[in-house]
2 protein chains.
Amino acid sequence: MIKVSIIGSGNVAQHLIHAFANENNIEILQVFARNPDDLIDIINPNKIVSDFKYLQKVDLFIIAVSDNSIIEVSAKIPFENCLVAHTSGSIDLNVLNSKNRKAVFYPLQTFSKTKKLNFKEIPICIEAQNSRDYSIIEYVAESISNNVQKIDSKQRKALHVAAVFVCNFTNHLYQVGNEICNENNINFEILKPLIQETANKILLLSPKEAQTGPAKRGDSQTINEHLKFLKNENQIGIYILLTKSIIDNGKKL
Amino acid sequence: MIKVSIIGSGNVAQHLIHAFANENNIEILQVFARNPDDLIDIINPNKIVSDFKYLQKVDLFIIAVSDNSIIEVSAKIPFENCLVAHTSGSIDLNVLNSKNRKAVFYPLQTFSKTKKLNFKEIPICIEAQNSRDYSIIEYVAESISNNVQKIDSKQRKALHVAAVFVCNFTNHLYQVGNEICNENNINFEILKPLIQETANKILLLSPKEAQTGPAKRGDSQTINEHLKFLKNENQIGIYILLTKSIIDNGKKL
């Protein structure tokens, strides 16, 4: 039985607590939360601490706090030579305080409190300073996910940037689509099968093969009509830039 | 039994042929294809014609050709007063030649030849000049889809623009993610669960509620690090514009 404590009470922390709760070989000993109310109904209140001095020694501390707080939090863990992993996509392993054995435990997914997830399918990108610590992190990660990958800090940063494009920016395009529907009295529901299929297509085709639409076809008449139709400067800017990018991309070998 | 002929042999035509093939109350009488080889293995060769003069009268002609050819093709149908629908998202109903009874039959989906689709889930946006023709179009559309909607030409144009954002532009962002992975020796596979979840999330949450990431959090440190990491001017341009759009959007009520 491996003992794990989680520091943090936000989206990632809550999803991790849920995921570990179903695993017999991992015990969540404690959760550190500045505001214990965040974790009501999620974990036994006796396991919640709000002061670092009450933390007990465990096999692994997982820091699931905002990027800006990782340095500070890793310094406050009241032990030397404990294994401490952060969960951030963009923060280097070396940022963790040097009194700790440093590691990374980065679940590559978009977490919202109200949307349940099957953790088994979430890639967990892990990194550690030595093979023994790597094995512990790997064991813990594999207990909740079937997709555990060794990713170093540089690759993880690239992955985090790529994730911003395929997730955060994509979701924003959904929102622009939603706005255009609202402006024209159309129920956004009608676009959902298209959104699903666009995501499903790349399970079988590369994004390059899957590309369709007026920019891909070089259909300048439709592009001009779309630009005439749009009135919102922001929407026009996005339309022009992404259309140009698709056209330029088509010219590459 | 309603008799339908399809004019065209591209992606949309082929998917429609497959969809109608499974329906007992619709008969595909003929398919017009300039190049019959496109339809090998898809339909009985005796049904294929390559000259408009061999077309027979049917209850409905569906024109599934490129937008630029719709005017010309609708003029070449060798009958007066026949019901003729085009399948384009961006072309007005009135563009069809006036000798026809005009209609629109627009399946709102992204079609690639090599990716099969369940037509039942595809929204079909329909429009006609009178209620009798509308009923025919509706009957044909409902035979292959459970999601048939009355959408006028102005709404359809808005929908087509919105579809470019949520499908074509989204797929291009997948490609940028793929490029960033390739540049950093990461297998693009690792991003696919995130892409799927991003699309699935908006089945439960509005895009605004589902938004996550550094721009949404106003995390300027991570944004600056991402911009420092990116070397490709095109990727940097997209990153800056969409980040600004998310931030501005967060300021709206």
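In the predicted model, a total of 14 aromatic pairs is counted over all chains. A pair of aromatic rings is described by the distance of the centres and the angle of the planes. One of the pairs is formed by Phe61(A) and Phe79(A), whose ring centres lie 6.1 Å apart with 20° between the planes. The planes are thus under the limit of 30 degrees, and the pair is therefore classed as stacked. Phe61(A) belongs to strand 4 (residues 60-63) of chain A, whereas Phe79(A) is found in the loop between helix 2 (70-76) and strand 5 (83-86) of chain A, so the contact ties together parts that are 18 residues apart in sequence. Both partners fall in the buried class: Phe61(A) has a relative accessible area of 0%, and Phe79(A) has a relative accessibility of 17%. The value for Phe79(A) counts as buried because the class takes in residues under 20%.

A further pair has another geometry. The ring centres of Phe169(A) and Tyr239(B) are 5.2 Å apart and the planes meet at 70°, so this pair is edge-to-face. An angle over 60 degrees is what places a pair in that class. The contact crosses between chains: Phe169(A) is located in helix 4 (residues 153-183) of chain A, and Tyr239(B) in helix 9 (residues 233-251) of chain B. Phe169(A) and Tyr239(B) are both buried. Together with Phe165(A), these two residues form one aromatic cluster.

Aromatic rings also take part in contacts with charged side chains. In chain A, Lys150(A) lies over the face of Tyr134(A), at a distance of 4.9 Å from the ring centre. In chain B, the charged end of Lys150(B) is placed over the ring of Tyr134(B), 5.0 Å from the centre of that ring.

The backbone was examined as well. Most residues other than glycine have a negative phi. Asn185(A), which is not a glycine, has a positive phi near 55°. This residue is situated in the loop between helix 4 and helix 5 (192-201) of chain A. With a relative accessible area of 69%, Asn185(A) is exposed, because the exposed class begins over 50%. In chain B, Asn185(B) likewise has a positive phi, of about 55°, although it is not a glycine. Asn185(B) lies in the loop between helix 4 (153-183) and helix 5 (192-201) of chain B, and its relative accessibility of 69% counts as exposed.

Terms used
Residues are numbered from 1 along each chain as its sequence is written. Chains are lettered from A and ligands numbered from 1 in the order in which they are written. This is a predicted model: local features need pLDDT of at least 70, side-chain atom pairs count only at pLDDT 80 or more; totals for chains, interfaces and linings use all residues. Side-chain values use heavy atoms; hydrogens and water are left out. Rings of Phe, Tyr and Trp (its six-membered ring) pair if their centres lie within 6.5 Å; planes under 30 degrees apart count as stacked, over 60 as edge-to-face and the rest as tilted. Helices (H or I, at least four residues) and strands (E, at least two) are DSSP runs, numbered from the N terminus. Buried means under 20% relative accessible area, exposed over 50%, partly exposed in between (1.4 Å probe, protein chains only). A charge sits over a ring if NZ of Lys or CZ of Arg is within 6 Å of the ring centre and within 35 degrees of the ring normal.
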